[in-house]
Amino acid sequence: MSTMPAVSPESANRKYLIRTLLFMGGYVAVNVAAIFGAFDDMTPRGAAAFALVVSVPIICHIGAFLVWLRDSDEFVRGVAVKRLVIAMGITLSFCSAWGLMELYAKAPHVSAVMVVPLFWFAYGIVSPFIRTSH
């Protein structure tokens, strides 16, 4: 049985914050550049590749969150996972309801790219209310 080296809560939090700032900072910077036309002259194949590359920081941020969970103590991990599950439930419920409204009630289309910000918004909203892992 291998044991993980002990990581202080401050160190785990600091590493997570740095990783989040780097990954999401890059994500925001590239998307702001795209909004202002920096990539408007791409070929369809180049645009598809670009879209996949831009998704990498999101994947890396999920990895950073998982590393933070791994390095956290049992209590913090339990609370964070409970928040995660509830935020996912809210996000899935909202996206399903909105999709059905688009389909049946002609609600305006919202891009699936908005799922990630919606999830983290839901996580931020539920976090102050979820203080235990029970």
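This is a predicted model: local features need pLDDT of at least 70, side-chain atom pairs count only at pLDDT 80 or more; totals for chains, interfaces and linings use all residues.
Residues are numbered from 1 along each chain as its sequence is written, and side-chain values use heavy atoms, with hydrogens and water left out.

The chain contains five helices and zero strands, where helices (H or I, at least four residues) and strands (E, at least two) are DSSP runs numbered from the N terminus. Its radius of gyration, taken over C-alpha atoms, is 18 Å, well over the 14 Å given for 134 residues by the globule rule, so the chain is more spread out than a compact globule; the rule itself is 2.2 Å times the number of residues to the power 0.38. The C-alpha trace spans about 50 × 35 × 30 Å along its principal axes. Buried residues (under 20% relative accessible area, with exposed over 50% and partly exposed in between, for a 1.4 Å probe and protein chains only) make up 21% of the 134 residues. Of the contacts (heavy atoms within 4.5 Å) with a separation of 6 or more, 72% join residues 24 or more positions apart.

Ten aromatic pairs were found in the structure, a pair being two rings of Phe, Tyr or Trp (its six-membered ring) with centres within 6.5 Å, counted as stacked when the planes are under 30 degrees apart, as edge-to-face when over 60 and as tilted for the rest. The rings of Tyr-16 and Trp-68 have centres 5.7 Å apart and planes at 35°, so this pair is tilted. It links distant parts of the chain, since Tyr-16 belongs to helix H1 (residues 9-35) and Trp-68, 52 residues away, to helix H3, and both residues are buried. The rings of Phe-119 and Trp-120, with centres 4.8 Å apart and planes at 75°, form an edge-to-face pair; Phe-119 is buried at a relative accessible area of 12%, whereas Trp-120 is partly exposed at 24%.

Pockets were located on a 1 Å grid over the protein atoms alone, a pocket being an open set of points where a 1.4 Å probe fits, with protein on both sides within 12 Å along at least five of seven lines, and lining residues having an atom within 4 Å of a point. The largest pocket has a volume of about 240 Å³, and its lining includes Phe-65, Phe-119 and Trp-120. Helices H3 (56-71), H4 (74-105) and H5 (115-126) each give two or more residues to this lining, which has eleven nonpolar, one polar and no charged residues. The second largest pocket holds about 180 Å³ of space, and H4 supplies the largest share of its lining, five residues. Trp-98, Glu-102 and Val-115 are among the residues lining the second largest pocket, and by class the lining divides into eight nonpolar, two polar and one charged. In these counts Ala, Val, Leu, Ile, Met, Phe, Trp, Tyr, Cys and Pro are nonpolar, Asp, Glu, Lys and Arg are charged, and the others, Gly among them, are polar.

Helix H4 also contains Met-101, which is partly exposed at 38% relative accessibility. Leaving aside neighbours within four places in sequence, Met-101 is in contact with Lys-106 and Ala-107.

Notes: Grid points are joined across faces, edges and corners, and a volume is the space filled by probe spheres set on the points.
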